[in-house]
Amino acid sequence: MKATGKFPLVIDKSGRAATFLRYQHTNYMQAVSPADMQSEVLRKALIGAIRYGKPLTIDMVESDMYENLETQLNGVQDGLLNSIVSRDLLKDDKYLSLVKDSDGDEYKDYMFNLVDEFVFIIVTEKEDQKDEILEKFYTVRITE
C-alpha cells in the first residue's frame, strides 16, 4: 500500500472491518451521521488525526456517500477531499491552513510531528464502487 502512495478503501460487505477499525486508535466518523459530517467536526477530526499521526476513518456503511463526503469536506476548505487523497494537504505544512486560533496551543505548527503517520481510510460495505473512486484509493476487499 505504501508503495502505491494511495490511501486504503476497504470494501467489506460483512461490516466487520468497520467494527474493528472503530475500536482502534483512530478518529472514526460515520458518513451517514449528520453529527459526524458537520464541517467543524470533520475539520477537528482531520487536524487531530494529522497532529497525532493516526488514521481518520470514514465509514460509509452500505451507502454511496463519497460525493456527500466531498461536499462536506469542501465546506471546510475548497477541494479538501482531493487534497487529502492526493496527499497534497500533507506537503509543505498545507494542513496548517485548517488550524484556527481557537484550536489552542496543542495545534501550533511545531506540535505536528507525526504527519507522516497519518492515514485516511474509507471503509464501506458497498461492493460496487465507481471507477473514479477505485482509481484514487488502494482497494482492499475483505472476503469471508
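**A briefing on the sheet**

Gln30 stands opposite Asp59 in strand S3. Strand S3 covers residues 55–59, and strand S2 covers residues 27–30; strands here are DSSP E runs of at least two residues, helices are H or I runs of at least four, and both are numbered from the N terminus. This is a predicted model, where local features need pLDDT of at least 70 and side-chain atom pairs count only at pLDDT 80 or more, while totals for chains, interfaces and linings use all residues. Residues are numbered from 1 along each chain as its sequence is written, and side-chain values use heavy atoms, with hydrogens and water left out.

**How the sheet is put together**

- Five strands make an open sheet, ordered S2-S3-S4-S1-S5, with parallel pairing; two strands count as paired if DSSP finds at least two bridges between them.
- The edges are S2 and S5 (138–141), each of which pairs on one side only.
- On average, neighbouring strands of this sheet are turned by 20° against each other, direction ignored. The axes behind such angles are lines fitted to C-alpha atoms (for helices, over the stretch in contact), and angles run from 0 to 180 degrees between N-to-C directions.
- Strand S1 (residues 8–11) pairs with S5 in the parallel sense, over four bridges, and Leu9 stands opposite Thr139 in S5.

**Around strand S3**

- Asp59 stands opposite Val123 in S4.
- S3 is mostly covered, with four of its five residues buried; buried means under 20% relative accessible area, exposed over 50%, and partly exposed in between, using a 1.4 Å probe and protein chains only.
- To get from S2 to S3, the chain goes through helix H2 (residues 39–52), in a right-handed β-α-β crossover. Right-handed means that, with the strands pointing away from the viewer, the path from the first strand over the helix to the second runs clockwise.

- Where does Ile58 sit? Ile58 is found in strand S3.
- Ile58 counts as buried because its relative accessibility is 1%.
- Leaving out residues up to four places away in sequence, Ile58 touches several residues, including Met29, Leu42, Leu69 and Phe120; contact means heavy atoms within 4.5 Å.
- Ile58 and Arg22 are 36 residues apart in sequence and 9.7 Å apart in space, C-alpha to C-alpha.
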